[in-house]
Amino acid sequence: MFDSGVPFESFPAPGSDGLAQQSPIFAGAPSGAQRQKTLKSAISCTGVGLHSGAKVTMSLRPAAPDTGIVFRRTDITGGGAIIPALWSNVSDTRLNTSISNSKGVGVHTIEHLMAALAGMGVDNVFVDINGPEVPVMDGSSAPFLFLIECAGLTEQHAPRRAIRILKRVQVVDGDRRATLTPGSSFSLRVEIDFPVEAIGRQECYLPLTASSFKEEVSRARTFGFEREVAAMHAAGLGKGGTLDNAVVIANDGEKVLNEGGLRYEDEFVRHKTLDAVGDLALAGAPIIGHFHGVRSGHAINNRLLRALFADRGAWTMVPLGDAEVQASAIFAARRPLVAAISA
Ligand SMILES: [Zn+2]
């Protein structure tokens, strides 16, 4: 399963294609500052895309400081194969988060992988993939987390930088709402309200640390209704969607059809929180601030980042110190992470 052997040399060297190289201003990190991280070694997996049903092989590879998360389509030759994972490259948010570059080359369903990378604090990685969609695996971030843990992480010389939220930014769309407000570390609160017995009203509060991400949300799977799965299949989408990679709710809304039931009592809102971690990772750097989503999804999460970056007074780049991480860990230890209001 591990390492597909896709030749690294088939890609331009970092920097030759306009991707960031290590900058001289990051030659040394001040003490107390966090350093950027990449993978210790390359690692691969094989799976099917949720929507295309296509079998794909994906390799995560170490990358130089300040590269960020960069997808590379190994089935496409030339410079058009490179797609940086940034909010400005988001091209479709209807069923998942897709990114594409100026040549129209893209990758679908990146959010669960992005969440795993952000949750584990991976700053720089090349994601080499030989098809148009990240494999769905089991519908959660857990298999990607496992890959990252198998590869291991290594610190780089460059200091980590974060986006500090300076003022409230909000996007409202009918009864959906997404808000960023200033805070001492990165935390998320997500609320959902589905008028069916199997889901109901649920709320999740997550101060983001590697351990809180792993323990509280990484295993939460994507979900849908039986009729949606049938409609997607009829439209030629969701071809890879099965009970093995999604929680499927019966049409009457009363129960889940998966034999093993739920992984968490409130798996639905935990998955929406996981999605928000992945979507907000497209900011390009960790966020210092609080996210609040009410019935939020991929579309409004991306609109929120666009609203944030459209307002130059709403954010600033700062070195990420240990203090912010400690603040998150203290919150995580003190406060109940997840509360199901009425599931
Ligand atoms: Zn999802």
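Mentor: Start with burial. A residue is buried if 20 or more other C-beta atoms lie within 10 Å of its own, exposed if 12 or fewer, and partly exposed in between. Keep in mind that this is a predicted model.

Trainee: Which residues of α2 pass that test?
Mentor: The buried ones are Ala142, Pro143, Phe144, Leu145, Leu147, Ile148 and Ala151.

Trainee: What makes α2 mostly covered?
Mentor: The count does. Helix α2 spans residues 142-151, and seven of its 10 residues are buried.

Trainee: Why is Ala64 called partly exposed?
Mentor: Ala64 has 18 C-beta neighbours inside 10 Å. Buried needs 20 or more, and exposed needs 12 or fewer. The value falls in between, so Ala64 counts as partly exposed.

Trainee: Where is Ala64 found?
Mentor: In the loop between β3 and β4 (69-73). The C-alpha atoms of Ala64 and Gln156 are 8.2 Å apart, although 92 residues separate the two along the chain.

Trainee: What is the burial figure for the protein?
Mentor: Of its 343 residues, 46% count as buried. The protein has seven helices and 20 strands.

Trainee: How do you know that β1 and β10 pair?
Mentor: Pairing takes at least two bridges. β1 and β10 (residues 153-159) have four bridges, in the antiparallel sense, so they pair. Leu39 stands opposite Leu153 in β10. As for cover, four of the five residues of β1 are buried.

Trainee: What makes β6 and β7 a pair?
Mentor: The cut-off is at least two bridges. β6 and β7 (residues 98-100) have two, so they meet it, again in the antiparallel sense. Val90 stands opposite Ile99 in β7.

Trainee: In what order do β6, β7 and β8 lie in their sheet?
Mentor: The order is β6-β7-β8, in an open sheet of three strands with antiparallel pairing.

Trainee: Why do β6 and β8 count as edges?
Mentor: β6 (90-92) and β8 (106-107) each have a single partner strand, so one side of each lacks a neighbour in the sheet.

Trainee: Now the helices. At what angle do α3 and α5 cross?
Mentor: At roughly 145°, with the axes of α3 (residues 210-217) and α5 (residues 267-280) coming within 10 Å. The crossing is left-handed. Phe213, Glu216 and Val217 of α3 meet Arg270, Thr273, Leu274 and Val277 of α5.

Trainee: How many charged residues does that contact of α3 with α5 have?
Mentor: Two, alongside four nonpolar and one polar. Glu and Arg count as charged, so Glu216 and Arg270 are the two.

Trainee: What is the handedness of the crossing of α5 and α6?
Mentor: Right-handed. The axes of α5 and α6 (residues 298-310) cross at roughly 35° and come within 10 Å. Asp275, Ala276, Asp279 and Leu280 in α5 meet His298, Asn301, Asn302 and Leu305 in α6. By class, this contact has three nonpolar, three polar and two charged residues.

Methods: Residues numbered from 1 in each chain as written. Predicted model: local features only at pLDDT ≥ 70, side-chain atom pairs only at ≥ 80, totals over all residues. Axes fitted to C-alpha atoms, helices over the stretch in contact; angles between N-to-C directions. Left-handed = near helix turned anticlockwise from the far one by under 90°. Contact = placed C-beta atoms within 7 Å.
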